[in-house]
Amino acid sequence: MITGEDNLSKRIEEIMMELVSVKSDTGTSEEREIEKYIYQWFKNLEYFKHNSDYFGKYSLKDDYLNRSVVWALVKGNGKNTVVFLHHHDAVDVYDYGVLSDYACNPKVLNEKIGSMPISEEVRYDLESGEWIFGRGTCDMKGGAAIQMALMEKYSKDENFQGNILLLSVPDEESLSAGMRGGAELLKELKDRFSLDYTALINSEPHQRDHRDTGIIYEGSVGKTMPVVYVRGKKTHIGDIFQGFNAVVLLSEIVKRTELNPDLSDVVGNEVSPPPSWSFARDGKESYDASIPPSAGGYFSILTMTRTPKDILEQLKNISQDAFESVIKEMNEKYKVFREKAGKKAEKLPWKSNVKTFAEIYEEAIKDSGDKFIDDFNKTVKKLEEDIKDNKINIPESNFVLIKKVLEYINDLSPVVIIAFSPPYYPHIANLNIEGTDSTIKLTEKLNNFAKDNFNESYEKRNYFMGISDLSYAALNDSDEVIPYIGPNMPLWEKLYTVPFEAMKELNLPSFIIGPWGKDLHKFTERVHRRDLIEKAPAVIEFALNELL
C-alpha cells in the first residue's frame, strides 16, 4: 500500500516549512537554533512524553560552537534497526540578494522570485506550481521532514516490528563534525538499547537527468584534500639564478594535476570528477624586490577506489617529475643567459626533493627534539584561537604548521611537502561491504515498487557525487587509510579527527533515498512538491519495511 496518504503528506509539508523557517547557516551559532527546534519537536510527541529515555542530545566533543546531534528512537519489537540520517544545517542565504529576507519563507519567496533574473527552466518550474523554492527545501530539510513525519507515524504503531533510530546532525556542509560524532553515538546507542543495525538511510535529495527516473545511491564518493607546500630559495631579482622560485614549481604541480582525468576513479560507468585546486598563492606577506621564498595550495581529489596511500604515492611521483622538469628548464635558461654574457655554462645546484609531512615531522624531532615539539604545540594552540576568530581558515593553517616544522630541520634546500587537510571523507559503497548481498537487492525492489505505483523508475548508482555524511558509516581499506591520514595531517587529533575504529565496527550498508530537487546551494534551490510529500516517502517507507 502506498503510504503517501493525505495526513502523512500534510505533515511532511508542514514540518518542512517549519524547518526551513528556522535559519541554520552552517558553521554558525544558528545551527543550535534548529537543533533546539528539532529536540523540542520530538519532546512534544506523545510517544516521547512516555519514553523520555528514547531521545536526546549528544554534545559534540570540543566543538567551538557547542553543537549537538539530536537523536530519537522509535522502539518496536526485536533488535533489527534502520538508522535514519539527515543534516539540519544549510548554506547561507547571501546569494538571494534583495530576496535574502524571504529565503527561509517559501510561500513569500515563490511569489517574489519571478522578479529575479532566472533561466527559462527555473521560470517554467516556478509557473508550473509543482516546486517549492527556498533555502534548505532541497538540501536537506525536505528529506529531514520526511524522516521526522515517518518517526511520528510509526511511534503510534503499537505492533511495529523493528526499530527506527534517527540522527539529525549539524555541520554537514562544512567539516561533518556532526556525523563524525554521530558514528560514536551510533556505537553507544547500539549497546545501550541492544540494537542490530540493518542499514542506514540518508534522505539527501537527488537530481534527475530524466523527469520520470529517480536515483538511489548505495554509497558516497570520498574526498581527500591534499596540501602542497613548496619552499624555494629566496634571492633578489637582480641575482635571479641564485634563487629558486617556489611559485614556478607550485604552478607546474598545479598544471599537472588540475582537471587531470588520470586522477579520476572509474567503477563501471561511474567516473569521479578530476581534481581542482581551491587555493594557490605565494608565501610573501609584503612587497620587496625578491622572489617568493615559498608557495602553497590545496585541492580536492574525489575518490571511489583510491586510498590516501595511493594518493600520496601519485602526488609524490607527480611532484618529483615536476621538480625535475623545472630544474631542467632553469638550467637550459641559465645556459643561454651565461652564453649571452660570454661566460661558460654552469649547472645550477638544485636537486629534486619531495617529502610527506610525516617525513619532515620525524626529521624535525630528530634534529631538534623537545624544543620543536613544544613550539609546534604552541603554534597549534594559537591557530586554534585564530580559527575560532576567523583570522585564518583550517586548510590555510596547514601552511603555518608546515613552515614551523621546516624551521627545525637542518636541511635548508628547496623542497616540496605533501600533506592532507581536513576534511577527509572516505569513499563508501555497499558493493565493498561484506554481507550486503541481500541489502543490495533492495534497490531493484524499490524500482519495481515505483513502477507499479507511480509509473516511474529508479536508477541505482554506487556513489553519490555530492559528498555526504554517509562516508562515516563504514570504513574500507583501513590499512591504507589510517596509517596515512593521521601522520600526514598537521591538525590530526589537535583540531580534527575521524572516528575510524567506530566506523570499522559499524560497517553499515547505506542508501541515499530522498526527494527530487534542483539547484542545491543556489538561490533557485527547490524541491518537487509531489515527490517530497508522496513519492519519496512511499519509497522510503517501502525500504524501511523491507529492511526490517
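Start by selecting T356 and I418: T356 has I418 as its bridge partner in strand 15. This is a predicted model, in which local features need pLDDT of at least 70, side-chain atom pairs count only at pLDDT 80 or more, and totals for chains, interfaces and linings use all residues. Numbering starts from 1 along each chain as its sequence is written, and side-chain values use heavy atoms, without hydrogens and water.

**Stop 1: strand 15.** Helices (H or I, at least four residues) and strands (E, at least two) are DSSP runs, numbered from the N terminus. Select residues 415-425, which form strand 15. Eleven of its eleven residues are buried, meaning under 20% relative accessible area with a 1.4 Å probe, protein chains only.

**Stop 2: its neighbours.** Two strands pair if DSSP finds at least two bridges between them. Strand 14 pairs with strand 15 in the parallel sense, over three bridges. Now turn to strand 9, which runs antiparallel to strand 15 and is joined to it by eight bridges. Here Y229 stands opposite I417.

Stop 3: Show five strands in the order 12-13-9-15-14: they make an open sheet with mixed pairing. Strand 12 (276-282) and strand 14 (354-356) are the edges, each pairing on one side only. On average, neighbouring strands are turned by 20° against each other, direction ignored.

**Stop 4: helices on the sheet.** Select residues 246-257. This is helix 8, which packs on the sheet and touches strands 9, 12, 13 and 15. Contact means heavy atoms within 4.5 Å. The direction of helix 8 makes about 175° with that of strand 12. Axes are lines fitted to C-alpha atoms, for helices over the stretch in contact, and angles run from 0 to 180 degrees between N-to-C directions. Next, select helix 9 (residues 308-340). Helix 9 touches strands 9, 13, 14 and 15, at about 150° to strand 15.

**Stop 5: helix 2.** Jump to residues 30-44. In helix 2, E31, I34, E35, I38, W41 and F42 are buried. They cover an arc of only 125° around the axis, so they lie on the same side of helix 2. The arc is that of the directions from the helix axis to the C-beta atoms.

**Last stop: zoom out.** The protein has 17 helices and 20 strands. Its C-alpha trace spans about 90 × 55 × 45 Å along the principal axes. Of its 548 residues, 57% count as buried.

Terms used
Buried means under 20% relative accessible area, exposed over 50%, partly exposed in between (1.4 Å probe, protein chains only).
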